[in-house]
Amino acid sequence: MSTKQLGIAVIATASVEIHHETSKSLEEMIFETSKRALNSLGLSADDMDAFVLGGNDQIDGRIISIMPSTGPVGGVNHDTTMIASSSEHALIYGYLRIMAGQSKRVLVASWAKPSESVDPDRAELVAAEPYLLRAVGMNETISAALQASRFLNGNAVDADEKFVAWPLTRKDLPGRGDSVHVVILAQEGSFEVGSQFAWICDAGWSTSSYELGARDLADFESLKIACNQISQRNLDSAPENWNAVEIGASSEYAVRAIHEQLPLKADVVVNGTGSLSTQFTSPFVLGLSRMMRAIDAVKNASTPGEKYVAAGIGFNGFAGQGASVIVFSNIKDVDND
Amino acid sequence: MINVGIIGFGQSHFQTKRTDVTFPELVKEGADLALADAGITIKDVDAVVYPLAPDALIGVGNGERWVIDALGATGKPFMRVNNGGATGMSAVLTAWTHVASGLFDVVLVAGADRVSESGSAQSVLNKMWDVGYERTVPLNTITMLALSAQRYMHLYDSDETDMALVTVKNRKHASLNPYAHLRTPITVEEVLASRTLAWPIKLGDACPASTGAAGVVLVSERYAQRNNLKPAWIRGIGQNSETYWMGARVGEKSQGDHADADALAHAFDVAYQQAGITDPVTQIDVAEIYAPFSSVELHVIEAAHLAEKGKSPEGLRNGKFTLGSSGPVVNPSGGTQCTNPIAVTGTIRVGEAANQVLGRAGAHQVPHARVAIASAIGGDHQFYSTMVLCSDLEEIS
Amino acid sequence: MTSNKNASANDSSAERFYEQTWDLQYKHALGRTVSRFLDGLAEGKIWGRRTTDGRVLVPARSYDDLTHEETGEWVEVANNGVIEMSTVVYEAFNGLPKPPYALAYVMLEGADTALVGYVKGLDLSVQSVAIEAVKIGRHVHVCFAKTPTGTAADYWFELEATS
């Protein structure tokens with residue numbers, strides 16, 4: 001980038017991850033989490049100039065998710081946009097708005113409450129197109145199993161394990177539960193220096209074919225393109241320079257494969273905040289939840305003054321059809337004029 | 001700030017049903033038409049923003065993932081916007097952000113809708129409302145706007161004939177637009193005699209459920225210069241949100257009235273300020289404003305400050321807002337009232353406005369149009385998008 | 001595999017359809033505030049909640065979307081009020097009740113936001129009579145179901161005899 005740009009930082013976060021929330025409505029969960037993020041800064045919704053939301057109509061049983069959720073985030077009388085393709089796309093769009101000079105402070109919120117559904121797996125099944133894939137019952141778990149099967153390399157899987165979908169057991173898969181995540185982004189100059197949780201260094205995102213048979217599920221094509229976008233713009237933020245990475249992949253098999261395939265440092269910390277199965281989450285929000293953990297990793301980086309870079313990786317669609325990477329650091333990149 | 005312009009707009013010939021294509025094939029039609037109009041191919045596109053309102057209407061959850069191959073978006077940055085009825089325009093605003101960020105020079109917005117794919121659209125749309133309180137009552141997109149129309153008539157001493165005048169104007173305009181869905185001219189008497197859907201909205205006041213595709217291509221100023229292009233420049237944009245609770249839009253302590261669209265007026269003010277518009281009536285040549293029912297157009301004209309509150313019927317009675325009249329022409333394409341493929345209705349508003357300022361609108365061209373506005377509405381009259389377009393980057397005076 | 005370049009597959013086939021129904025079931029958690037409002041219906045009461053700036057939201061919400069603050073005190077509002085907006089539906093929509101029916105948003109005495117419900121007990125067969133009966137400003141009262149279901153279907157409006 002040739003022009004000197006102001007930095008963009010995460011200045012507050014709030015999350016709730018719970019097995020199933022029966023005493024609060026989804027809207028109340030969104031309200032409480034948004035208030036918690038705003039209150040942590042002593043700010044109100046009116047201090048935000050845009051709201052970016054990410055929700056999935058089928059999981060939550062809302063038909064146009066932006067309608068009931070705009071009030072709870074504080075978006076009434078403000079510019080509100082729902083990015084419906086995935087939670088991490090919502091965060092990226094918030095980042096783009098500040099980059100474009102359109103906003104100074106943006107509240108990003110994304111959620112999924114599978115406990116609203118009597119049968120959450122059915123709600124996932126309707127994401128399969130009706131002609132072929134729905135008939136075979138394709139969903140997130142089965143596509144994750146198909147992907148994992150590509151990594152077996154002849155290694156035996158213990159036949160006595162209890163499989164959800166072979167070769168995946170419960171502990172290989174992301175946990176399921178109700179969650180809301182809120183991130184407040186701000187442009188440098190609109191918050192007290194030093195109070196930020198992390199700077200956003202760069203973001204890359206891409207997609208690949210919907211047709212599972214048209215791509216090599218072992219290859220993570222969309223992830224590699226997303227990483228390349230970053231490497232081409234900004235080598236400091238390339239995978240080679242990450243201290244930690246939080247990967248919201250479809251299974252632990254995929255996490256291990258990504259660890260092997262990306263040009264990561266030997267001592268990089270992968271999913272240092274815990275395995276996928278320990279999380280109460282849902283495929284729609286898994287990516288953002290891992291980005292929140294990357295932000296935490298930067299915030300808690302042990303040596304102040306020493307640069308620490310953590311990336312969050314999220315996927316959307318069956319077996320990682322789309323991928324997003326956001327790179328965070330405790331030190332703002334120096335402009336390469 | 002990076003200037004952003006529109007260099008291509010494509011749309012289908014809209015109709016009730018299309019059985020010759022799958023939904024992804026229909027989406028491809030929108031992308032292909034937009035790219036062809038821009039004179040580029042998908043290879044030239046840096047990123048794609050996809051508009052799609054409720055998944056339930058096409059019957060596939062996260063339907064955006066299904067159409068990625070058809071769009072040619074594989075390998076590219078891609079995201080989907082869903083702001084209800086405003087989606088098609090919010091997606092263009094999201095694409096604007098992509099270009100203005102400096103990361104991308106060419107961004108495609110393309111999509112489609114096939115409202116007839118679902119046999120129960122209005123019962124699906126009933127589930128837009130609050131799970132605890134409002135779904136037991138058969139609210140839908142027609143009743144919610146019937147309530148608004150009744151309040152408008154009550155507050156401003158207006159009647160159903162005023163609504164009919166909107167339809168007559170829009171059908172006349174649509175008869176000149178080869179892409180419009182309802183193209184048969186209609187008389188005030190015919191509108192008034194049409195059957196009641198939800199009083200005061202009659203069939204003659206209502207939009208059709210349309211099938212078809214549309215897309216626009218946005219570029220940065222540097223790309224336009226490098227390639228010698230003359231885009232329709234986006235000079236101002238705005239978005240705003242209203243309370244979800246329609247019951248909070250009445251009474252002494254309400255912030256705005258369900259008869260009006262005050263939150264939309266604010267979104268117009270934001271866009272006008274960016275564009276330097278100080279006197280909308282004299283500075284704006286064309287308005288492509290989202291109004292699915294005749295009654296909605298009355299208060300959107302007012303929210304755009306093209307008439308005082310309650311005064312748009314008087315303007316219509318005096319022949320204003322019609323092609324050939326002096327002053328701003330409203331919905332020369334026939335508007336949403338004549339063509340409503342939900343996901344891309346807002347995209348069409350922007351595309352038609354762009355065509356107008358570039359002098360490319362054909363039989364429904366407003367002569368010498370330089371400044372145009374576009375707007376869209378989503379949710380239960382809750383989400384508002386606005387835009388000012390101009391044929392140049394000179395001061396608007 | 002054989003192919004015939006002269007008769008491509010798409011030209012000779014009739015266009016087919018594939019029927020699908022989404023049978024998604026939900027059990028929405030309503031939270032304590034909505035639950036208490038619904039309990040009130042069984043007792044013949046309409047409850048609102050007061051916002052930090054003093055408005056009474058009806059039906060009761062635990063937070064207010066204008067101030068973006070939690071609401072506080074519970075306020076019982078009157079069972080009578082005035083129609084703020086209404087419509088009479090004559091068109092049948094797949095999956096929605098059989099027309100005609102009348103809907104109204106009613107400002108109950110003591111409330112600052114209007115409550116939506118059916119207006120029942122009316123003859124809707126003549127449109128001009130029906131719309132006059134439910135016009136803005138008409139006084140109505142709330143009626144409650146004798147056997148409550150625990151949902152918002154447990155109340156509706158009827159016209160006051162005097163209006």
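A crossing of two helices is called left-handed if the near helix is turned anticlockwise from the far one by less than a right angle, and right-handed if it is turned clockwise. In this predicted model, the crossing of α7(B) with α13(B) is left-handed. Helix α7 of chain B covers residues 141-156 and helix α13 of chain B covers residues 294-303; their axes come within 9 Å and cross at roughly 60 degrees. That angle makes α7(B) oblique to α13(B). On the α7(B) side the meeting residues are B:L145, B:S148, B:A149 and B:Y152, and on the α13(B) side they are B:S295, B:V296, B:L298 and B:H299. The residues of this contact divide into 5 nonpolar, 3 polar and no charged.

Another helix of chain B, α15, spans residues 342-357. Its 16 residues reach 24 Å from the first C-alpha to the last, close to the 22 Å expected at 1.5 Å a residue. A residue is counted as buried if 20 or more other C-beta atoms lie within 10 Å of its own. By that criterion 16 of the 16 residues of α15(B) are buried, so this helix is largely enclosed by the rest of the structure. Just after α15(B), B:G359 takes a positive phi of about 70 degrees.

The discussion now turns to the contacts between chains. The contact of chain B with chain A takes 49 residues from chain B and 46 residues from chain A. Several elements of chain B each supply at least two residues of the side that touches chain A, including α2 (55-58), β3 (78-81) and β8 (232-241). The largest share of that side, 5 residues, comes from α5(B). Its residues divide into 18 nonpolar, 21 polar and 10 charged. Chain A also touches chain C, with 24 residues of chain A in contact with 18 residues of chain C. Here α1 (26-40), α3 (66-73) and α5 (120-125) of chain A each supply at least two residues of the side of chain A that touches chain C.

Two cis peptide bonds may be noted in chain C. One joins C:V58 and C:P59, with omega about 0 degrees, and C:P59 lies in the loop between β2 and β3 of chain C. Another runs from C:P99 to C:P100, with omega near 0 degrees, and C:P100 is found in the loop between β6 and β7 of chain C.

A:N77 has a positive phi of about 70 degrees and, with 19 C-beta neighbours inside 10 Å, counts as partly exposed. B:N228, with phi near 55 degrees, has 6 such neighbours and therefore counts as exposed.

Notes: Residues are numbered from 1 along each chain as its sequence is written. Chains are lettered from A and ligands numbered from 1 in the order in which they are written. This is a predicted model: local features need pLDDT of at least 70, side-chain atom pairs count only at pLDDT 80 or more; totals for chains, interfaces and linings use all residues. Helices (H or I, at least four residues) and strands (E, at least two) are DSSP runs, numbered from the N terminus. The expected span of a helix is 1.5 Å times one less than its number of residues. A residue is buried if 20 or more other C-beta atoms lie within 10 Å of its own, exposed if 12 or fewer, and partly exposed in between; C-beta atoms are placed from the backbone. Two residues are in contact if their C-beta atoms, placed from the backbone, lie within 7 Å. Ala, Val, Leu, Ile, Met, Phe, Trp, Tyr, Cys and Pro count as nonpolar, Asp, Glu, Lys and Arg as charged, and the others, Gly among them, as polar. Axes are lines fitted to C-alpha atoms, for helices over the stretch in contact, and angles run from 0 to 180 degrees between N-to-C directions. Angles under 35 degrees count as roughly parallel, over 145 as roughly antiparallel, 65 to 115 as roughly perpendicular and the rest as oblique.
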